[in-house]
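Here is a short tour of one protein model, meant to be read with the structure open beside you.

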Amino acid sequence: MDKILHLFSNNRTIFILLLILSNSSFTLCAQTTNTFTAINSNWNTAANWSLNHIPTSAEDAVIPLGKTVNIDVSSAANSISISGILKLNDQKTLTIGHNFTVNLGGAFYMPGGQDVATLVVYGNFYNYGVSSFWKSNVIICGDLITPSTSSLQNSGIVVVGGNIIGDFSLTGSAGNIYALNPNATVSITPSSVDSTVIPGADVPASEGAALITLINQAIYSGSCPFTVSDVMDVTACAGSNAIFTVSTSGASPQYQWQVKTNANNDWNNLVNNAVYSGVFTATLTITSVDALMNGYKYRALITSSSCVSSGNNGKLILTAGPPAPIVGLITQPTCTVTTGSVVLSGLPLSGILNPGNISYSGTSCTVSGLVPGTYNFTITTNSCNSVGSAAVVIVPLATTTWNGSSWSNGLPSSDKNIVFNGDYTSFSDITACSCTVNPGTNVIVNSGNTLIMSNAITVAGGTITLENNASLIQTNDASINTGNITVKRKSAPMKLYDYTYWSSPVQNWKLNQLSPNTGYYYSFDPLTNNWAGTNGGNQVMTAGKGYIIRAPQGWSTTNATLGVYNGNFIGVPNTGIIPITIQKGAGTFNLIGNPYPSAIDIDLFLSDPANSNIINGTVYIWTHNTAISSTIPGNATYNYTSDDYAKYNLTGGVKTALTSITGLVTPNGKIASGQGFFIEANSALANGTYTASFKNSMRIAGNNNQFFRTATAPQSATNTIEKNRIWLNISNPQGAYNETLLGYVTGATNGFDNLHDGKTFPAGNVLSLYSVVGTDNYSIQGRALPFNASEIIPMGYSTTLSGTFTIAIENLDGFFIDQNVYLLDKSNNTTHNLKTSAYSFTTATGTFNNRFELRFTTATLGNENPVLNENTVTIYPNDKQINIKSTLTMESVIVYDILGRQLFNANKINAMNFQTTDLTATNQVLIVKVKFADNYEVSKKVMIN
């Protein structure tokens, strides 16, 4: 640190004391005189002096008359008496400890060149001859007495600590004489000079830091009556700001900040500009520090009470900032991910990235969530910022606008937003990223067409109308729609007392807005296991909930041909994840519905992990094939038949009638928009309330042309599940009909599977055909693969009608196309090949669960062919492994997870007891397949915790 001394006091007593202290540095005893003896020569030549050495600060120097002396080195003496001529050369300093006297006839000259010389006199200056203070610095601690005329050039500076009395011959103005003592006598001729020299005036900092320091040292020995704090070093980053501060105890201080650069040793006054601000205050701010400023020193000169002082200077220490980030892969927004991202590399191990104030670690970082725009990224480490990276440009998705006759930017596509600014009627499907309908614009999506959007629908004063069987699909669950659309739905044909099962695809639509001319609206309450009225239908339809609404008043009670109700739903279209309440109480069946303005794939709903443990996997869809009648048993004068619930699960679907006005369609798992349906809470759950969810991923295009049914039953293009199924029906000549399904499908076991097995609907059907497993009756039964032709499937039926009935094959697929199917009537021991014809029989009313068996071979089973049933094998978990006990000898055991991945395999067991080893699966359901001789096999599920 550099130290600057203090300056100036207005107290004369102090001045006198300091003057004595200053002079005390010189010897006060009798002085030795050293006289110049040469004629015309240099001061610093020893032979030119009477004592044969250059005068010292302890000696009095004498320049006799006729002698001329040149001072070409900085020199000193205790006092000096000049009768001859003394010249002080440029850049040299002469220091006199006591008085400086120019005698009559003598002369003292300071330089007339371009550079400055300095004279410091600690005593008085007496001029009785010629004194020329030409363009130089003169500091006189005592008085300046000049009866003879002294010359003063206007660039010269004379600073006097005592009185100033005398005449001055001036060149230029006389603004360079200072009398520091406020009590000093100043009498100068001419008066124009006298009036400008004010006793006690401060020497301004503009006269130069070096001169002020010298004045401070010479006149005040460095003392000021106030304190100044040191200026502390400041560490800053290139390009950032740096702030230096100073404080003082001085009253009404004035500040002047100075800088000493690396290039020179001079202190230079600062002025306010684009780089420096606050140079006349206690705080100096340096804006956007440049790397070249590293090592610069700063101090503040503080003037108070005519004294100038400073503390230690502070150094500017620059810290190198981090390098600019290197721009790597830029990923532009897509319809699925609406923001962009960029990979930045070349980073310090940790720091902050901006914009975004992102903390990171590692030498690279992916910045995501970038909306369209231009970004220049910087790094901040240790409070230092890098320069900006190369520009990262995130481009917005393309938009194409329909103006009423054409698209502005090509046809819509999945990577474009679309805007309708003119009326539009569809002629095919439209796929886009998002859709906006401007005010006054009407968009009509025709029947069979689908509007497929990844993101939001915005109807800003226009309209979107989905005609019957048209669809709207959205894939992003987070999208938020705004504005109303109209969804038109046509019911199946109805008579006056028929009900349709509805579910709203839009928000905030009431039951009586859907069908205002009927007085009968119901939902179903599983807690009481009964229908619940809705008080005139003045109730908003909850998304995902099912309702039944009777045909409008005045409709025909005998002819349903024209009884198609045109329902309209108007509101913001439902989208995203929609929770639906599933309850179990006095009953287990819940009436729910498709919440979207498109069909859904019910397979995806049933198998979703959020739902599969909450619900049994069979849906029951009301078909109202049988007209209301007074002959049907029930609590009312006119009743419906419960046979009119079609059924569907992952094994397949069964329809309700051989001929019906619904078109003789088997449900295929595609639930149309607006369709309500029953589903059962998981039998294993305790009574209570649970939540299942619909999701956009369950929505499908098309398949929306009828409530629950389609003309055909296509499989999903992505469906790789193996299904081998046979549908059997039972009927009589009077039209009674029921259907059952048996399927060997991937993922099913021979035990109960809630996604593959569907029990008969417990409603006292007139006629039912089902397979029997233990004490349960199944309309749909899924069984494990691989298929074993030796299996025997018990079949049962119930009827409230007596007479002649037939059992026939309704449909089949998979290996059943080539597989023989036999029906064994154990009442007469008749085996009939159903592949060749239907089987007819007579029956009384009742339930018959032991009369029929379905077989796939005519071979008689003997002791060599073991009979396999659910009691053949017992499987249970034990200490994270699986124990298996069998009544027959096991050959192999294979364990799969629910996705079909093999986790364990053991062959050549040849034992009736077995335990797995090294099974690492926990907290999941596993499928265990046990194989016996002759390829007999049993599959069961087990939960491993």
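In this predicted model, arginine 725 and aspartate 813 meet through their side chains in a salt bridge, at 2.8 Å from N to O. Arginine 725 sits in strand β64 (residues 723-731), while aspartate 813 belongs to the loop between β70 (803-812) and β71 (822-825), so the pair ties together parts that are 88 residues apart in sequence. Both partners, arginine 725 and aspartate 813, are buried.

How many salt bridges does the count come to? The count comes to nine salt bridges. Side chains of opposite charge can pair when their charged atoms come close.

| Salt bridge | N to O distance |
|---|---|
| arginine 725 and aspartate 813 | 2.8 Å |
| lysine 695 and aspartate 608 | 3.2 Å |
| aspartate 776 and lysine 759 | 4.0 Å |

Take the salt bridge of lysine 695 and aspartate 608, with 3.2 Å from N to O. Lysine 695 is found in the loop between β62 (688-694) and β63, and aspartate 608 in the loop between α5 (602-607) and β57 (615-622), so this pair ties together parts that are 87 residues apart in sequence. Aspartate 608 is buried, its relative accessible area being 11%.

The side chains of aspartate 776 and lysine 759 also meet in a salt bridge, at 4.0 Å. Aspartate 776 is part of strand β68 (residues 776-783) and lysine 759 is part of strand β66 (residues 758-759), so the parts tied together here are 17 residues apart in sequence. Are these two residues buried or partly exposed? Aspartate 776 is partly exposed, with a relative accessible area of 28%, and lysine 759 counts as partly exposed at 27%. Elsewhere, a network of salt bridges links Lys826, Glu853 and Arg855.

**Disulfides and other cysteines**

A search of the whole structure turns up two disulfides. One is formed by cysteine 237 and cysteine 384, with sulfur atoms 1.5 Å apart. The angle about its S-S bond is -80°, and the link of cysteine 237 and cysteine 384 is left-handed. This pair links distant parts of the chain, as cysteine 237 lies in strand β20 (residues 234-237) and cysteine 384 in strand β36 (residues 384-385), 147 residues apart. Cysteine 237 counts as buried at 4% relative accessibility, and cysteine 384 is buried at 1%.

Cysteine 335 and cysteine 433 form a disulfide too, their sulfur atoms 2.1 Å apart. With 110° about the S-S bond, the link of cysteine 335 and cysteine 433 is right-handed. Cysteine 335 is in the loop between β29 (326-331) and β30, and cysteine 433 is in the loop between β41 (430-432) and β42, so the pair ties together parts that are 98 residues apart in sequence. Cysteine 335 and cysteine 433 are both buried. Two further cysteines to look up are cysteine 141, which counts as buried at 1% relative accessibility, and cysteine 435, buried at 0%.

**Two open sheets**

Strands of a sheet pair through backbone hydrogen bonds, either parallel or antiparallel. Strand β42 (residues 434-437) is joined to β45 by three bridges, and threonine 436 stands opposite threonine 458 in β45.

Another open sheet has three strands in the order β60-β56-β63, with antiparallel pairing. Its edge strands, β60 (670-671) and β63 (699-700), each pair on one side only. Two bridges join strand β56 (residues 599-601) to β63, and alanine 599 has isoleucine 700 as its bridge partner in β63.

**Nonpolar cores and buried positions**

Which residues have the most contacts inside the largest nonpolar core? That core has 37 residues, and those with the most contacts inside it are Leu86, Phe100, Phe108, Leu119, Phe125, Leu144 and Ile164. Apart from it lies another core, of 34 residues, among them Trp402, Val443, Leu472 and Leu514.

Finally, glycine 571 in strand β53 (residues 566-571) is buried, with a relative accessible area of 2%. Glycine 571 and valine 506 are 65 residues apart in sequence and 5.0 Å apart in space, C-alpha to C-alpha.

How values were computed. Residues numbered from 1 in each chain as written. Predicted model: local features only at pLDDT ≥ 70, side-chain atom pairs only at ≥ 80, totals over all residues. Heavy atoms only, no water. Helix = DSSP H or I, 4+ residues; strand = E, 2+ residues; numbered from the N terminus. Buried < 20%, exposed > 50% of the residue type's maximum accessible area, 1.4 Å probe, protein only. Core = buried A, V, L, I, M, F, W, Y, C linked by side-chain atoms within 4.5 Å. Pairing = 2+ DSSP bridges. Disulfide = S-S within 2.5 Å.
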